[in-house]
Amino acid sequence: MSIIFYQVKEGEFRRLVETRTMTELLAQESKEFPNKFHLVGIDQKNGIAYAVRHGRTSDLRVWRLDNLVNQIREMGFQNLKVQLLNKT
């Protein structure tokens, strides 16, 4: 099954979280910013992934993992998958 990928602003991402559209959250390490992570929410039922972007540009937002975890807890999620880059 192919996944459709959308970049959304943080407010839209939070709205999707509130409606429980996303069933899984993923923190993916950034290639440009080591030890910082992009937030991706996955709607497994419809095969859609949503990544948080900046409000004024199409660049993906990045967070330190500790800050990201605090935001995810505020959103009501208890699980987060973390994907690290392969440095070799």
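Throughout these views, buried means under 20% relative accessible area, exposed means over 50%, and partly exposed is in between (1.4 Å probe, protein chains only). This is a predicted model, in which local features need pLDDT of at least 70 and side-chain atom pairs count only at pLDDT 80 or more, while totals for chains, interfaces and linings use all residues. Residues are numbered from 1 along each chain as its sequence is written, and side-chain values use heavy atoms, with hydrogens and water left out.

**View 1. Arg20, in the loop between H1 and S2.** At 47% relative accessibility, Arg20 counts as partly exposed. Its phi is positive, about 60°, although Arg20 is not a glycine. For background, most residues other than glycine have a negative phi. Helices (H or I, at least four residues) and strands (E, at least two) are DSSP runs, numbered from the N terminus.

**View 2. Asn35, in the loop between S2 and S3.** Here is another non-glycine with a positive phi, about 65° for Asn35. Asn35 is exposed, with a relative accessible area of 58%.

**View 3. Helix H1 and its two sides.** H1 covers residues 10–18, and Phe13, Leu16 and Val17 are buried in it. Looking down the axis of H1, those buried residues fall within an arc of 105° (taken from the directions from the helix axis to the C-beta atoms), so they line one face of the helix. Turned away from the buried side is the face with the exposed residues Gly11 and Glu18. The cover over the buried residues of H1 includes strands S1 (4–9), S2 (24–29), S3 (36–43) and S4 (48–53), plus helix H2 (65–75).

**View 4. Phe13 and the largest nonpolar core.** A nonpolar core is a set of buried Ala, Val, Leu, Ile, Met, Phe, Trp, Tyr and Cys residues joined through side-chain atoms within 4.5 Å. The largest one has 17 residues, and Phe13, Leu39, Tyr50 and Leu68 have the most contacts inside it. H1, S2, S3, S4 and H2 each give two or more residues to this core. Setting aside residues up to four places away in sequence, Phe13 touches Val8, Met22, Leu25, Leu39, Val40, Gly41, Tyr50, Val52 and Met75; contact means heavy atoms within 4.5 Å.

**View 5. Val40, in strand S3.** Val40 is buried, with a relative accessible area of 7%. Leu25 is 15 residues away along the chain, yet its C-alpha atom and that of Val40 are separated by 5.8 Å. Not counting residues up to four places away in sequence, the contacts of Val40 are Phe13, Glu24, Leu25, Leu26, Ala49, Tyr50 and Ala51.

**View 6. Met75, in helix H2.** Met75 counts as buried, at 11% relative accessibility. Met75 and Arg14 are 61 residues apart in sequence, but 7.2 Å apart in space, C-alpha to C-alpha. Once neighbours within four places in sequence are left aside, Met75 is in contact with Phe13, Arg14, Val17, Arg20 and Leu39.
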